[in-house]
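Please read them alongside the sequence and the coordinates.

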Amino acid sequence: MAANYNNSAWFYDSLARLVYGKALINAQVYLLKHIPKNAKVLIVGGGTGWILEELTRIHPSGLQITYVEIAPNMMALSRKRNIGSNQVTFVNDDIENIDLPADFDIALTPFLLDNFTDENLIKVFNSITVLLKPHALWLNASFQLTGKWWQRVLLKSMFIFFKVTCGIEASKLPGIDKCFEEKHFKVVEQQNFFEEFIGARIYRK
Ligand SMILES: C[S@@+](CC[C@H](N)C(=O)[O-])C[C@H]1O[C@@H](n2cnc3c(N)ncnc32)[C@H](O)[C@@H]1O
């Protein structure tokens, strides 16, 4: 799947911070509040893994986490994170290749789904959906266009930049909301960040 951020591992977090300040972090920390104690959590596309430390701040123990990340350099950074007494299984592979029991309470996909063409989004989406228990929560953050001109400019610049540096396949946002709707996920709660350019949503299966 062409959304491997391997080449950007060494600068990804600094660049994100430079462009978005704390917005990308705030959107994800907002999502984390919805993870209950002792949950079984699937994280896909966690990047450098800072999210593991934020999660550990909220739940120092009791979580069973499977952390799937396709980029080896991102995975190497993630493995160094403080995970407290939580149990983390690191899987350095494409989520589409993963065969796991379908018993996750939570899926967390921060800025993963916006990287694919519509055709591949459906494949990634389905491979996550089948791993979730009935009534599981899916915590997602993605970029979204809400009509402001600069959002289009910034989005286009990001797609071009990550196409050149990492070979990312998308050149426009795929239909993420449509995927959730078609699979009958219900929005439980949502919040926008960075003048609505970032949408964080909690869905129930
Ligand atoms: C835009 S980055 C976001 C990283 C992180 N969530 C953050 O917000 O800092 C997307 C991440 O998803 C990973 N990724 C892309 N496609 C994937 C796939 N099919 N399976 C697993 N990880 C994937 C990329 O390597 C990258 O680290």
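1. Which residue of strand 4 is the bridge partner of Ile 43? The partner is Leu 108, and strand 4 (residues 104–110) pairs with strand 1 in the parallel sense over three bridges. Helices (H or I, at least four residues) and strands (E, at least two) are DSSP runs numbered from the N terminus, and two strands pair if DSSP finds at least two bridges between them.

2. On provenance, this is a predicted model, in which local features need pLDDT of at least 70 and side-chain atom pairs count only at pLDDT 80 or more, while totals for chains, interfaces and linings use all residues. Residues are numbered from 1 along each chain as its sequence is written.

3. Seven strands form an open sheet of mixed pairing, in the order 3-2-1-4-5-7-6. Strand 3 and strand 6 (186–193) stand at the edges with a single partner strand each, so one side of each has no neighbour in the sheet. From one strand to the next the twist averages 15°, where axes are lines fitted to C-alpha atoms (for helices over the stretch in contact) and angles run from 0 to 180 degrees between N-to-C directions.

4. Strand 1 (residues 40–44) also runs parallel to strand 2 (residues 61–68), to which five bridges join it, and in that pairing Ile 43 stands opposite Tyr 67. Strand 1, helix 3 (residues 50–58) and strand 2 make a right-handed β-α-β unit; right-handed here means that, with the strands pointing away from the viewer, the path from the first strand over the helix to the second runs clockwise.

5. Strand 2 pairs in turn with strand 3 (residues 85–91), in the parallel sense and over six bridges, with Ser 61 opposite Ser 85. The chain passes from strand 2 to strand 3 through helix 4 (residues 72–79), and this β-α-β crossover is right-handed.

6. Around the ligand there are 22 residues, the closest being Ala 3, Tyr 5, Gly 45, Gly 47 and Ala 71; a residue is near a molecule if its C-beta atom, placed from the backbone, lies within 6 Å of it.

7. Although 61 residues separate Asp 118 from Cys 179 along the chain, their C-alpha atoms are 9.4 Å apart.
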